[in-house]
Each structure stands twice: as structure tokens, then as C-alpha cells.
Amino acid sequence: MVYMKHGINQKDPRFKIAHREAWIGVILVIINFVWWYGFAYGLGSDSVQDYTYVFGLPAWFFYSCVGGFILMVVLVSFAVKFFFKDVPFEDEGGES
Amino acid sequence: MNWAVIFPLLVFLIIIFMIGFWASANLKDSNSFLQDYFLGGRELGGFILAMTMTATYGSASSFIGGPGAAYTQGLGWVLLSMAQLATGYFVLMILGKKFAIVTRKYNAVTLVDFLKERYDSKWVVLLSAFSIIIFLFAAMAAQWVGGARLIESLTGLSYTAALFIFAASVLVYVIIGGFRAVAVTDAVQGTVMFIGTFILLVATVIAGGGITNLISDLAAENPNLITPYGFDGGLTPIYVSSFWILVGVGVVGLPQITVRAMSYKNAKAMHRALIVGTIVVGFIMLGMHLIGVFARPILPGIEIGDTVMPLLAMEVLPPWLAGIVLAAPMAAIMSTVDSLLLLVSSAVVKDVYINYIKPDASNQSIKTISLGVTTILGILVFLMALSPPDLIIWLNLFAFGGLEAAFIWPVVLGLYWQAGNKFGAISSMVVGVGSYILFHSYYPNPLGMHTVVLPILLSLLAFVVGSLLTKRKVERAQLM
């Protein structure tokens, strides 16, 4: 079978970890997008006279771009710390 | 000439040179020249990995073109640019450990090596090597023009002399030092980009009398500038959102980024790079584009967007500090160009020459050829950039989206979907690039989205349909 080529075993337990981490990436990017879109167009579509401001920036911009950036740094750090597993990349046996 | 500005730039260039020589000393006693020259022996640590990904990705457009567009469009363009935050974590998480493990098993040095082993097809290899060479060569020439223009505007030298300085500085360290020099200089360049952004942002806010003041000046000039919709209301939500494909998730398909996802040492390096990369890319993109918007009340009436950032730096900073800050776009351009040069060279040497012309070349002759090809490519780009032919300019328009449409599915589905096969990969690449060029020429921005979106969906369809239709055929071939 083609999948066994080069001694790659799709059942390799490391791949299970890798697949889970890839899904975390997908989930994070969806959260990132929804947050970004929601604040930008949720608050930003008001007329400019009704804008509120945070640290001098329009609230939509502050929450969507500045807040979204901080949120993602926190979420990525959190995911890496608690969900990402340290696995060896080389095979024991050691073809380089 | 303004020596106070030029001096920090010179110091920066000298540091970059020294790294090149250091890395070349590391290459001398290598017994696997290919792995070392094109992939740095797969030993990048977390910080360097994060920096080389960010710096390779962040190019002239992040420091020159982007702030210029933000100057015109207002906060809506900063919003758009923040789609790039995803590149900080998405590429590494998606390709992730599976890509790192699989490419080690395949002994892959280039992205094309991975595709070659995965799909077992000469056509996949030739198509992908060919698209890398054509598209990235064009992209590289365009960046060189940007680099030379920047030097020209800062120093007052002629365009040709500026191009020569730029070319010589990049060529020397890439040729002698290979991937390791590229990655380590990227780390320095990325740091310069980060610090430059920080200094300029702070100085701009101070010069504008604080954020509140700047925002109310903008709103007084044109209220649209502080809405998400652009100066004339033209930035629709769907158009802005579609940039998440072009400069966010689609970046997974860019070979110059992908190759970095196989270059790191271990899982720890990857973990660290995820955090550092997200911080650095987010800060640079947010900062630089915000600077572009804030420049408007400080320096009103700039006609050419590309000059906003250099003019602003000279306006709000003392000359010596402006020199340091202006090293940032320089660093951004160099760190993109060096990676592209090495990648195109690896496509010629490894993917074409060693695969199909001389598979049994010795370590020594590979070394000679690699250095030779890198040099010749560098000289060719230099000649192209002297007066860029229309073809190069035209190709550069497709370079980014075209490569994404070509590679995203063969790479991602090749990794995660076992039923994907060579027919799927070939049709995906042909449909992706072909439809991108057609849409771009005849029906740009269909349905109000960036042109890249539909070709990426079509190439997904082509990959899935192509693989499923030929499933039987492939299975039969394997039984025989």
C-alpha cells in the first residue's frame, strides 16, 4: 500500500497527536476570524458620531484589532502549553 | 547625502555580512551539503524559526506598500492587514508535527521533494518546480526593484548603483552561507523590523500629540477614515474578509514558508516559534499599518503611498534614529529576497538537476553546482531588475496567489488525506494556477472577493474529484 511507503505508518501514535494539533490550529483561526469580524463590523457599522473610544482608538478597532491580537497571543500560548505534546521527530533506530 | 541616516544602514549591512561568513564556515565541513545548504541541517531553534517565517513573509509590502495603503484608506486597511495575524500560528500548526516527521522520513530537502515522494509522479515534480522557478523569480525581481528604490531614495545614489549595492549585499551571504545564513540573518532582520516598528510607532504617536488627537484629526478630515469601510466606503466586509484566504490561511501554500516548516530541530522549537511568531507578526502588522494611518494628520497630502513610511521616519525621528528605523524595510526586503533566491536555486539544483539530470552527483559536485546556480540566478535577477521586462511585472502579480492556488491542496491534503493521489495533485495545480490567471485577466474580484478565493476553491474541487475518479486506476497499478 502506498501509505506504508518509506516506512510511514499512518497508525503512528505521533500522528494522532499531530492531527489533534492541526485541528486546534483550525479552531483557533475560526475564533480569530469570528472575533475580528464581529467587533469590526458589529461596532464599526454605527455612524461615526455614535462611536465610543478606548485608549483614543474607536472601540470597534480597539477590540477587533488590538484586542484580537492580544486574545490570539493568549490563546496560542495557552494551547501550546496545555494541549501540545513534545514528540521526537527522528525514529528510534535512526535513519537521519 | 545624509550620513547620519546612512551610517546605521551600513552597520546593519556589515552585521549581515559577518553572519554570512560565520555560516559559511559552518558549511565547510559538511558531509551532506544539500541538507545543510538548502535546509540548515534541520536544526533551527524556536526563536530563529519564528523570525525566519515572519521575516520571509513580511516583505516590502508590509513596510512600504501597506503603510502607504493605510495612509489612503484609514483604519479599514489596518483591519484588513490584521488577517495576517493568522500566519503567525496557522501554518506551523496545520503542517505541524506530521509534516516535520514525514519530511524527515522522506529525507526531503525541498517542498518538491515532499510532493515527489508523496505522489510518486514526475509531472507533479516538474509542474511544481516549474511554478516555483517562474513565479518566485518574478516575485524576487519585483522585491529587488523595491530594495533598490528604497536605497535610491535614502542615499540619493542612482538606481543602478543602489541596485548594485542591494544585489551585492544579498548575494554574498546567500551564496556563501546558504539556508543557515538566510535563517540567522532573518532573525536579525526580523528583530530590526520589530524594533523599527516600535520606535516609529511611539515617535509617530508623540509627534501627533497622542492617539486621541490623531484620531480626531482623521475624523475631522474624513469620518470614513476611522470606520472599517475605507476612505470612500469601498472596503466591503466580504472583500476585506477574503484577505483571510490570500494573506492568512492560504500562506500554507507558499513554498518559501512551507520549506521552513521542515527545517526546525524539535517539537520544543515549534512550540516556542508558535508563540514568538504570533507576537512578532501581529505587532509588526498592527504597528506598521497603524503608523501609515497616523502619518496622515502629521504629513498630509503625500501623493505616492510608497514614500509615506520613509518620509514619516525622517520627519518624526532624529536622523540617526531614522537610519535605524529605515533599516527595517530594508531588512524586510532582504529577508524575503534571500529566502526566495535560495528556494529557486534549490528548485533548479535539487528538484530538476539531481532528480532528472544527474542523480548520482557527488557531494563535491553538488556543492559546486549549488553555489554556481545561486550565483547565476542572482546575476540574472540583477539584470532583470535593471529594467524589469513586462513579463516579469505581469508574472509577479500572480506570484503570491498563484503559488497558493497551486500548492495549498497538494500539500495539506497530501499530508492529511490518504486517498489523495497524483491525478488529484496535477489537476489541482493546473486548475488552481490556470483559473487564477483567467480570473485575474477577465473577471477580477468575482462576487466582491479577492481574485484568489475562487481558484483556491476550484483547485480543492479538482484535487478531490481528480483523486476520487482515478482511485481505481491507482489501486490497480499498485497491485501489479
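This is a predicted model: local features need pLDDT of at least 70, side-chain atom pairs count only at pLDDT 80 or more; totals for chains, interfaces and linings use all residues.
Figure 1. On the side of chain A that touches chain B, at least two residues each come from α1 (13-44), β2 (57-58) and α2 (59-82) of chain A. The greatest contribution to that side is made by α1(A), with 18 residues. By class, the side of chain A that touches chain B comprises 34 nonpolar, 13 polar and eight charged residues. Three salt bridges are counted between chain A and chain B. In one salt bridge, the side chain of A:Glu90 meets that of B:Arg104 at 2.9 Å, N to O.

**Figure 2. Extent of the contact between chain A and chain B.** Chain A brings 55 residues to the contact and chain B brings 58 residues. About 4900 Å² is buried between the two chains, and carbon and sulfur atoms give 72% of this area. Of the area that chain A buries against chain B, 15% is supplied by A:Tyr41, A:Phe69 and A:Phe89, more than by any other three residues.

**Figure 3. The largest pocket and its lining.** The volume of the largest pocket is about 1400 Å³. Its lining consists of 49 residues; those nearest the centre are B:Ser59, B:Ala60, B:Ser61, B:Gly65 and B:Gln143. Helix α8 (residues 122-155) of chain B provides the largest share of this lining, 11 residues. The lining of the largest pocket has 27 nonpolar, 19 polar and three charged residues.

**Figure 4. The second largest pocket, with lining residues from chain A and chain B.** This pocket holds about 480 Å³ of space. Among its 19 lining residues, A:Val26, B:Phe90, B:Ile94, B:Trp409 and B:Val412 lie nearest the centre. Two or more lining residues are given by each of α1 of chain A and α6, α17 (390-416) and α19 (453-469) of chain B. The most come from α17(B), with five residues. In the lining of the second largest pocket, 17 residues are nonpolar, two are polar and none is charged.

**Figure 5. The second largest cavity, one of four cavities of 30 Å³ or more in the structure.** About 120 Å³ of space lies in this cavity. The lining numbers 14 residues, with B:Ala50, B:Met53, B:Thr54, B:Thr87 and B:Gly88 nearest the centre. In chain B, α3 (46-57), α6 (90-106) and α13 (267-298) each contribute at least two lining residues, and α3(B) has the largest share, five residues. The lining of the second largest cavity includes 10 nonpolar and four polar residues but no charged residues.

How values were computed:
Residues are numbered from 1 along each chain as its sequence is written. Chains are lettered from A and ligands numbered from 1 in the order in which they are written. Side-chain values use heavy atoms; hydrogens and water are left out. On a 1 Å grid over the protein atoms alone, a cavity is a set of points where a 1.4 Å probe fits but cannot get out, and a pocket is an open set with protein on both sides within 12 Å along at least five of seven lines; lining residues have an atom within 4 Å of a point. Grid points are joined across faces, edges and corners, and a volume is the space filled by probe spheres set on the points. Helices (H or I, at least four residues) and strands (E, at least two) are DSSP runs, numbered from the N terminus. Ala, Val, Leu, Ile, Met, Phe, Trp, Tyr, Cys and Pro count as nonpolar, Asp, Glu, Lys and Arg as charged, and the others, Gly among them, as polar. Contact means heavy atoms within 4.5 Å. Buried area is the accessible area (1.4 Å probe) that two parts lose on being put together, summed over both. A salt bridge is a side-chain nitrogen of Lys or Arg within 4 Å of a carboxyl oxygen of Asp or Glu.
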